[in-house]
Amino acid sequence: MLSINNLHVEVEGKEILKGLNLEVGTGEVHAIMGPNGSGKSTLSYVLAGRDGYEVTQGEILFDGKNLLEMEPEERAWAGIFLALQYPVELPGVNNMNFLRESLNAVRKGRGEQELDAVAFMKLVREKAASVKLDEKLLKRSVNAGFSGGEKKRNEILQMAMLEPRLAILDETDSGLDIDALRIVAEGVNLLRSAERSIIMITHYQRLLDYIEPDFVHVLADGRIIRSGGKELALELEDKGYAWVLEENAA
Amino acid sequence: MKHSASNWITDILQQQDLPPVSDWLSELRRKARDQANQLPLPRRKQEAWRYSRVDALLKQSFTPVVQPPNGSGLEMPQSLSPHVLVFVDGWFNPALSRISDLPQGMVLGSLREHLDDASVKAHLGSLANSGENLFSALNSALINDGLLLKTGTGTEVESPIEVFYLNSQAEQPLLSQPRNLILVEENSKLTLVEHFLPGMGNAYFHNSSTEIHVGEKARFSHYRIQDEATDAWHLSNIHLVQAASSHYHGITLSFGGKWARTEYKTRFAGEQAVCDLRGLYLVGDQQLSDFHLDIHHDQPACHSREQFKGLLHGKGRAVFDGRILVERIAQLTDAQLTNDNLMLTRDAEVDTKPQLEIYADDVKCSHGTTVGQLDPQQLFYLRTRGIEEQQAIHMLCAGFAGEIIEHMHLPHLREQAGERLRRTLDRL
Ligand SMILES: Nc1ncnc2c1ncn2[C@@H]1O[C@H](COP(=O)(O)OP(=O)(O)O)[C@@H](O)[C@H]1O
Ligand SMILES: [Mg+2]
């Protein structure tokens, strides 16, 4: 589904990703772990198409198509979803309206019919309940004044509504207490399916207790320096990042 | 026709004889005429006119409308309200208006028909000062007609009253000068909506003066929607006084005109009064919107909130001059003023000047202004959710403006405002 080959990315003239390779097959769950500043969020932004991230070498193929030629909204239509590490506040933009605009834009982009108001309301209620998001938050401005946990749940709600083919979760676990983490993880697990791939970016092993990955990768200094099964995460937890970094240097 | 600046006012004043009125009003007119002849022309050197270009206005000659126009070509505006009042070139037009049954003791209609009422005599000109500047003198010097609204005490009017100021078609630019008097008396509750629209006019000067008295414990919601013609000048001068425990809730949306200025002068006549003043301006090429607020806290324990937002596109220009004065006696004042501007282009320009002048020591006052562009992070976020860039820009602008519009408690006005905004944004 996703194929990243020798990806080099510069931000403001500084090279952040330095030859990254990653293959994600349909239905697979990949965890990307790594120390702060190693380029995890940069990778997620490049996948979503944010401005200011210059790809100097390499390619990204999504279903065989060149992802780098697509606008952010076209990527969303194609089925890419990024849950941001820091969800953006949109004062004055009603959350419910935002969800409807978003869902209908994506459906239109996919050549599907827009949902009518009744069907939409039914869907949003059901999905909000599945991530235990208070319906009051649907009436407020998007993320404005939400707690950290509410923002993350709102991201998962959007994901549940849009039903992406590839979901990238950037530190969706950070800043959550154990209850909130469990709710978010349940929401993600509900979306696991044979047709949907997930990339979970995380700093901690903790999330992987709740969402079991098929593959674990270590990203350090702009490259994936080690890949393995879920046992790699446990080893990392045990020995810390220093261990892989040293082994890699050796 | 070109005019030297000093001739501008004399030309207007000598054009025609006014229809006669009672002695007391003739006297008011005469005094204002003297003032108009003596007052200096608004100049950039004067602080209140520093950022407002009036040069073009003062080069244009205007014909005052001294007889009721016939309103030809105009239709009764669409309105859900049982009370619709239409003023053409400043004159009440009964044929285009409809006033349904009113509560006992309430007066609603043409000021001209009530010039000898004691309450009109007592209040007309009691707040508005014809010596304030040339334009207020001009309004008073040619007083003919305008809106009179007097609720009577303890009157709750359920349906909003909708007023439309329209203009006639004319070869020469006309001068429209409604003179409005609004008395929302003790314990009354009322919503007034004023629409300032072109009608058949294009180049005209709307120079209105409105005096508002809000009585004790009265609640007055006042929505003003300015959407004048592209070649029109608009000046609204509003004076407001609030008695104890009253609530004034005012929102002005400024969309049209090439030069549109709104002046609010408010003060209090009792404690515990609340004044909410909000505004939204949308300006583009060839447009200037100008708001001047003078909020005078001269009574203890009153609360005022001034929230103004501007959306500027093209080469649009805006001026915001908001001043809060808290007198020594006005302890426990709570006053907050904000002005936020969203600049959609580099060529747009805003001059924003908030001022707090505080002489009391136990008060809560603040002011803040911002001038910013669309946030690229917000745009990116919307686009990752499948929303195209243009639509994302609309949503963010609508969200920005929505923080003013949402305070209008009439759903059809919120919809109209949203629609009006969309029409402009769609063309960008
Ligand atoms: N907008 C930016 N401008 C400059 N440097 C940036 C920007 N975004 C990220 N960086 C730098 O890129 C590196 C990787 O950042 P990031 O991708 O956020 O790492 P991670 O998510 O793994 O913590 C860091 O050194 C960071 O300082
Ligand atoms: Mg990060």
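Modeller: In this predicted model, the part to start with is the contact inside chain B, where 14 residues of domain 1 touch ten residues of domain 2. Domain 1 of chain B runs over residues 8-270, and domain 2 of chain B over 377-428. Taken over C-alpha atoms, the centres of these two domains of chain B are 31 Å apart. The size of an interface is often stated as the accessible area that is lost when the parts come together.

The contact between the chains can be described in the same terms. Here 31 residues of chain A meet 17 residues of chain B. The area buried between chain A and chain B is about 2000 Å², with 63% of it on carbon and sulfur atoms. On the chain A side, R50(A), E73(A) and V88(A) together supply 25% of the area buried against chain B, more than any other three residues.

Chain A also holds residues that surround ligand 1. Among them are V11(A), E12(A), K14(A) and I16(A), together with residues from P35(A), N36(A) and G37(A) to S41(A) and T42(A). By type, this shell divides into three nonpolar, six polar and three charged residues. Two elements of chain A, β2 (14-24) and α1 (40-48), each supply at least two residues of the shell. The largest share, three residues, comes from α1(A).

Backbone atoms of chain A approach oxygen atoms of ligand 1 in several places. For G37(A), a polar backbone atom is 2.8 Å from an oxygen atom of ligand 1. K40(A) has a backbone N or O atom 2.9 Å from an oxygen atom of the ligand. A polar backbone atom of S41(A) lies 2.8 Å from a ligand 1 oxygen. On its own, ligand 1 has 550 Å² of accessible area, and the protein covers 65% of this.

Technical notes: Residues are numbered from 1 along each chain as its sequence is written. Chains are lettered from A and ligands numbered from 1 in the order in which they are written. This is a predicted model: local features need pLDDT of at least 70, side-chain atom pairs count only at pLDDT 80 or more; totals for chains, interfaces and linings use all residues. Side-chain values use heavy atoms; hydrogens and water are left out. A residue is near a molecule or strand if one of its heavy atoms lies within 4 Å of it. A polar contact is a pair of N or O atoms within 3.5 Å; within protein, one must be able to donate a hydrogen and the other to accept it, and residues adjacent in sequence count only if both atoms are side-chain atoms. Accessible areas come from the Shrake-Rupley method with a 1.4 Å probe; for residues, only the protein chains shown count as cover. Helices (H or I, at least four residues) and strands (E, at least two) are DSSP runs, numbered from the N terminus. Ala, Val, Leu, Ile, Met, Phe, Trp, Tyr, Cys and Pro count as nonpolar, Asp, Glu, Lys and Arg as charged, and the others, Gly among them, as polar. Domain bounds come from an automatic or database domain assignment. Contact means heavy atoms within 4.5 Å. Buried area is the accessible area (1.4 Å probe) that two parts lose on being put together, summed over both.
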